[in-house]
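Q: I would like to learn how to read the main features of a fold. Please give me the general idea each time, and then the case at hand.

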Amino acid sequence: MSFFARNNAGFGASAPSSEDFAFPPDATDTIQALRWSPVADCLAAACWDGKVRIYNVANSATIQAAALLAAEGPVFSCDFSKDGAIVAAGGADKKVHLLEASSGSKVSFDAHAAPISAVRFVSIPGSPSSILATASWDKTLRYWDLRQTAKPLCTVDFGERIYSVDTAGDLLAVSTADFTKVHLVNLRAGPSVVAKVVLSKLNHQSRFLSVSGDGTHWAVGGIEGRCSAGTTDEKESKNFDFSWKCHREMQQPKQRQDPIKVWTVNDGSYHPTKNYIFATGGADGEINIWDLASHNRVKRMPNLGIVTAIEFSRDGSYLAYATGYDWSQGYSENSKDKYPPKLLLHRVTAKDIEKPKP
């Protein structure tokens, strides 16, 4: 059953995208991942065309491309260092690519034996420099000191292909091809040791994993039109440890044998200051914003096109999202005319993240 009440009051049939700001149409293929700088209104977009584009969003009315980082194949993940000085990216070419913001200098190094699925800068107490965590389909998570990249600081074998990684505070969470589990690492206690393995409540392959800004909550979503959430705080587990159906056709079929349409949940993002506010984007062309504390949907943004990536900005004032093609409808539907890659910016208001009053 769904744990969320559907509040459709005020939802029209028209798309809200007319109110959103469009980025320059630079991407020539699907945008896979988005990541905001933690210190400035700069957005990095990792794309299947082999490039990461960094945009200056200081003025949403005049968004400008500030820098470009190129790889040798599709890019699946990107991230900013904690001080915003470095952008890291990884993808199909198995390499880590780095861009230093101040100088524009670029460095690449071999990192894995299979494509890289995730890159994340991590906060490790006592570390004298930026530490980058990389995850791969070669089943390993590796930590790198970027001052010397000849070999990783340490390698953790997860025994399965790693699909998603996210981190905040002392928490680093890992989702693998074994979609039933989420691996939780306490970076303060020991980054090379999995502190806890929890069940995700998903029944099919996961597509994303997200960690709240304070590092106390996590959520995963996948191809079954369902998300699963959890918390590291046992006192809150009763309210925040659950799964719910989303990005599904909620109307009951006329006949028992009639199918219910289910769309992939391609991405999810926690609000940076409100760890109970969570946004999801799906192949149904919708973004939904959920109040995980009250188990309610507080915002629905329909008719956007297939949503491939979403991300709240550092202070929650913006929600960036990408639309394009995600292969959920097979090879025959892969058409840039039908699903052109787009990157847009939604200005978040109080109505977007607050439950409507009765």
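Q: What is the strand order in the open sheet of four strands, and which pairing does it have?

A: Some ground rules come before the answer. This is a predicted model, where local features need pLDDT of at least 70, side-chain atom pairs count only at pLDDT 80 or more, and totals for chains, interfaces and linings use all residues. Residues are numbered from 1 along each chain as its sequence is written, and side-chain values use heavy atoms, with hydrogens and water left out.

Strands of a sheet pair through backbone hydrogen bonds, either parallel or antiparallel. Strands here are DSSP runs (E, at least two residues), as are helices (H or I, at least four), and both are numbered from the N terminus. Two strands pair if DSSP finds at least two bridges between them. In this sheet the order is β18-β19-β20-β21, and the pairing is antiparallel.

Q: Which strands stand at the edges of that sheet?

A: The edges are β18 (206–211) and β21 (242–245). Each has a single partner strand, so one side of each is left without a neighbour in the sheet. From one strand to the next the twist averages 15 degrees; axes are lines fitted to C-alpha atoms, for helices over the stretch in contact, and angles run from 0 to 180 degrees between N-to-C directions.

Q: How many bridges pair β20 with β21?

A: Four bridges join strand β20 (residues 226–231) to β21 in the antiparallel sense.

Q: Is T231 buried or exposed?

A: Burial is read from relative accessible area: buried means under 20%, exposed over 50%, and partly exposed in between (1.4 Å probe, protein chains only). T231, which sits in strand β20, has 14% relative accessibility and therefore counts as buried.

Q: Which residues does T231 touch, not counting residues up to four places away in sequence?

A: Contact means heavy atoms within 4.5 Å. By that test T231 touches T216, H217, W218, E236, S237 and F240.

Q: Where does the side chain of T231 reach a backbone nitrogen?

A: A polar contact is a pair of N or O atoms within 3.5 Å; within protein, one must be able to donate a hydrogen and the other to accept it, and residues adjacent in sequence count only if both atoms are side-chain atoms. The T231 side chain reaches the backbone nitrogen of D233 at 3.1 Å. A polar atom of that side chain also lies 2.9 Å from the backbone oxygen of T216.

Q: What is phi in H247?

A: In H247, a residue other than glycine, phi is positive, near 55 degrees. H247 lies in the loop between β21 and β22 (265–270), and its 1% relative accessibility means that it counts as buried. N303 is not a glycine either, and has a positive phi of about 60 degrees. N303 is in the loop between β25 (296–301) and β26 (307–312); at 47% relative accessibility it counts as partly exposed.

Q: How many residues of strand β15 are buried?

A: Six of the six residues of β15 (171–176) are buried. L171, A173 and S175 point one way from the strand, while L172, V174 and T176 point the other way.

Q: Which strands form hairpins with β15?

A: β14 and β15 form a hairpin with two residues between them, and G169 in the turn has a positive phi of about 60 degrees. Six bridges join β14 (residues 162–168) to β15 in an antiparallel run, where I162 has T176 as its bridge partner. β15 and β16 form a hairpin with four residues between them. Strand β16 (residues 181–186) pairs with β15 in the antiparallel sense over five bridges, and V174 stands opposite H183.

Q: Which strand does β1 pair with?

A: β1 (residues 21–22) pairs with β28 (residues 342–347) in the antiparallel sense over two bridges, with A22 opposite L344. β28 is also joined to β27 (residues 318–323) by six bridges, again antiparallel.

Q: How many helices and strands does the protein chain have?

A: The protein chain has two helices and 28 strands. Its radius of gyration is 19 Å, close to the 21 Å that the globule rule gives for 358 residues, so the chain is as compact as a globular protein of that length. The radius is taken over C-alpha atoms, and the rule is 2.2 Å times the number of residues to the power 0.38. Of the 358 residues, 51% count as buried.
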